[in-house]
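Me: I have a chain on screen and some questions about how one residue sits in it. Can we go through them in turn?

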Amino acid sequence: MSGTKAELRCLSGFELESPLMLRKLLIPFAAGVVAACSPLPLDYNGAGAPREAAILPLRSERPLVALALGSGGARGFAHIGVIKALEEAGIVPDIVTGSSSGAVVAALYASGRPARELEDIALGLQRGDLVDYALFGNGWVKGEALQEFVNRMVNGLPIEQLARPFAVIATEARSGRMVVFNRGDTGVAVRASASVPRIFVPPVINGEEHVDGGLSSPVPVKVARAMGADVVIAVDVSWFGQARIRSPDEMARYGRSERYARYGDELDLADVVIVPRTAPTRMLDFDQKESNIAAGEAAGREAIPQLREALARAATSRQSRLRAPASISNRRD
């Protein structure tokens, strides 16, 4: 046996019994080399990075309307249909919040793009426009393509400079804490919100990995309310929402689910909850985008009477509050 072959058959003083044993030793060694060679994730920090700022509620003499768009993967195309129905009815939200796939639509809408433009953009999208594959990292989609797409669509504007007040929900991976990004890079914030664990490589923002906003606030109603909304329209495109409208018996399976409880905590505080009857769709499946946009539009139109009632109640309540100080002042005189 040549010296080279002898060396291959002997490692650290142990004779290798067969090529199979050699492979068993080389596989973890190769994996370690690949891991060591993988690039460190970029840490988005500094003045332009997404960040949290104190939420200051908007003030207005008229009732303020918020649109809270929830998580749901590719079923999120239905959000566009809901916006179409609202605009057709003359209802234009003042505040927009978004979580996960809802954050993608919410960011473009908050930038000032009307429903017609959103639909044109969506129908022209291909899976490859948003899905870029990762060789390394804790996921198989990098998320950089999504980040760049969002920033192109909002003309590179940070969150605080968009046409409408906007907040993006993400989740701090290490602690599970809900993070409300309302300042800084819009694309990075949306990427963080949409980073479903084990699918997307989580972006690092100010030293912390961030993942799917749907894990901490699946439909961000509470944040919309904190931003000053009198009327909150929640759009739920989740499987839980689908189960609720299909059958109470099916919903019973989720009754003790912690994640379903989070949906309930948020949706119970909304004035109107819209649940489009979306087509069965995988997380990153764009094949049903037209039918899901149509489902959102149908559900939105169906909700318009309920929404008008909520707006009327909010207007009456606001007028009562505005009159109250004057009557007290008159009594003192």
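Reply: Start with the location. This is a predicted model. Q147 lies in helix α7, which spans residues 144–153.

Me: Is Q147 buried or exposed?

Reply: The relative accessible area of Q147 is 11%. The cut-off for buried is under 20%. Q147 is therefore buried.

Me: Which residues does Q147 touch, not counting those up to four places away in sequence?

Reply: Contact here means heavy atoms within 4.5 Å. With residues up to four places away left out, the partners of Q147 are Y44, G187, V188 and R191.

Me: Which residues of α8 are buried?

Reply: Helix α8 covers residues 186–193. It is mostly covered, with eight of its eight residues buried. G187, V188 and R191 are among them, and these also touch Q147.

Me: What share of the chain's residues count as buried?

Reply: The chain has 13 helices and eleven strands. It holds 333 residues. The buried share is 49%.

Me: What share of contacts with a separation of 6 or more comes from residues 24 or more positions apart?

Reply: Take the contacts in the chain with a separation of 6 or more. Residues 24 or more positions apart account for 75%.

Technical notes: Residues are numbered from 1 along each chain as its sequence is written. This is a predicted model: local features need pLDDT of at least 70, side-chain atom pairs count only at pLDDT 80 or more; totals for chains, interfaces and linings use all residues. Side-chain values use heavy atoms; hydrogens and water are left out. Helices (H or I, at least four residues) and strands (E, at least two) are DSSP runs, numbered from the N terminus. Buried means under 20% relative accessible area, exposed over 50%, partly exposed in between (1.4 Å probe, protein chains only).
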